[in-house]
Amino acid sequence: MSTSTEYLDRFLAIELSRCTEAAAVAASTMIGRGDKEGADQAAVSALRDAFNKLDIDGTVVIGEGERDEAPMLFIGEKVGKGGPAVDIALDPLEGTTLTAKAMHNALAVVAMATGGSLLHSPDVYMEKIACGPGYPDGVIDLDASPRENIENLAKAKGVKPSELTVCVLDRERHQAIIDAARTVNARVFMIPDGDVAGVFHTTDPNTGIDLYLGSGGAPEGVLAAAALRCVGGQMQGRLIFRNDDERARAEKAGITDLSKKYSLMDMASGDVMFAATGVTDGSMLKGVKWKGDRVETNTVVMRSKSGTVRYLEASTKSANYDFLK
């Protein structure tokens with residue numbers, strides 16, 4: 001009988017891509033319709049159905065909210081037909097507003113890892129910093145100022161700070177980061193949503209992005225960490241609590257040190273797999289395309305054990321998706 005690790009290695013890469021493809025295709029039916037909740041629900045339903053066709057004993061550790069706060073794929077929900085125990089982190093539609101407004105960079109995203117190896121993060125905010133591979137350990141640090149991180153990364157890269165590009169979510173709370181970057185003449189690339197893709201962009205030289213800084217959803221932080229585990233890079237995160245209810249959520253999730261600075265391995269250890277399918281066109285992936293009775297998708301699938309990154313282009317009969325019938 002295959003072990004959990006063998007199963008992850010041998011079978012799940014393609015199956016995981018089918019899951020994100022289904023979520024992306026379902027979400028694509030809602031592009032430009034102005035209904036972000038409807039787009040999210042379409043992706044959630046399709047992804048859940050796809051998971052339940054897999055031979056896994058899956059536990060959703062990063063999902064669509066707490067039990068009773070989300071109709072499905074909530075934190076703690078069990079999925080699959082039975083088999084090896086795996087942790088699942090997911091964002092069925094990263095970029096609900098992007099989809100509703102037909103904007104770029106909406107994705108369907110899933111990470112899967114051997115059981116017990118993904119951070120069980122509550123649905124709160126997380127302070128994040130990330131860079132790509134090839135630099136000395138500790139070149140970036142949450143406890144350093146934005147300016148110090150930019151200057152340290154530039155030194156490690158052998159360039160001037162003005163030659164770096166910092167990716168930041170376009171939020172008022174990030175103005176101090178933006179000001180610090182511009183003080184040293186670094187370029188600032190602001191994104192409206194989608195910080196999983198924002199973190200991942202630091203690993204791809206073609207994007208021109210060197211550093212990710214700012215705060216966003218903690219669940220997205222774990223998903224981004226899973227992606228970095230597969231291709232290399234550095235990342236740190238620290239949970240942000242705005243009230244007692246959020247602190248109680250963390251304690252319920254088993255988190256005792258509320259001020260802990262999480263490393264990449266703290267957030268995603270073990271054997272990790274990551275898949276993302278484009279919903280709308282973006283700098284990372286092409287979006288879903290409808291051509292007659294066929295649907296075209298563009299997916300990236302990655303594995304931490306081998307460091308393999310595969311880009312898959314698929315053309316499928318739309319009739320193969322039950323939710324389109």
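Modeller: Terms first. Helices (H or I, at least four residues) and strands (E, at least two) are DSSP runs, numbered from the N terminus. This is a predicted model: local features need pLDDT of at least 70, side-chain atom pairs count only at pLDDT 80 or more, and totals for chains, interfaces and linings use all residues. Residues are numbered from 1 along each chain as its sequence is written, and side-chain values use heavy atoms, with hydrogens and water left out.

Colleague: Fine. Which element gives the largest share of the lining of the largest pocket?

Modeller: β3, with 4 residues. At least two residues each come from α3 (36–51), β3 (85–94), α4 (96–100), β8 (211–217) and α8 (218–231).

Colleague: What volume does the largest pocket have?

Modeller: About 780 Å³. A pocket here is an open set of points on a 1 Å grid over the protein atoms alone, where a 1.4 Å probe fits, with protein on both sides within 12 Å along at least five of seven lines; lining residues have an atom within 4 Å of a point. Points are joined across faces, edges and corners, and the volume is the space filled by probe spheres set on them.

Colleague: Where does the largest pocket lie relative to the domains?

Modeller: Between domain 1 (10–116 + 272–324) and domain 2 (125–267), because both give residues to its lining. The bounds come from an automatic or database domain assignment.

Colleague: How much space is in the second largest pocket?

Modeller: About 410 Å³. Its lining has 17 residues, and R18, A22, A50, K53 and Y321 are the closest to its centre. α2 (12–28), α3 and β14 (309–317) each give two or more. The largest share, 5 residues, is from α2.

Colleague: Which strands does β5 pair with?

Modeller: β8, antiparallel over 7 bridges, and β9 (234–240), also antiparallel, with 7 bridges. Pairing needs at least two DSSP bridges. M126 stands opposite G216 in β8, and I129 has Q236 as its bridge partner in β9.
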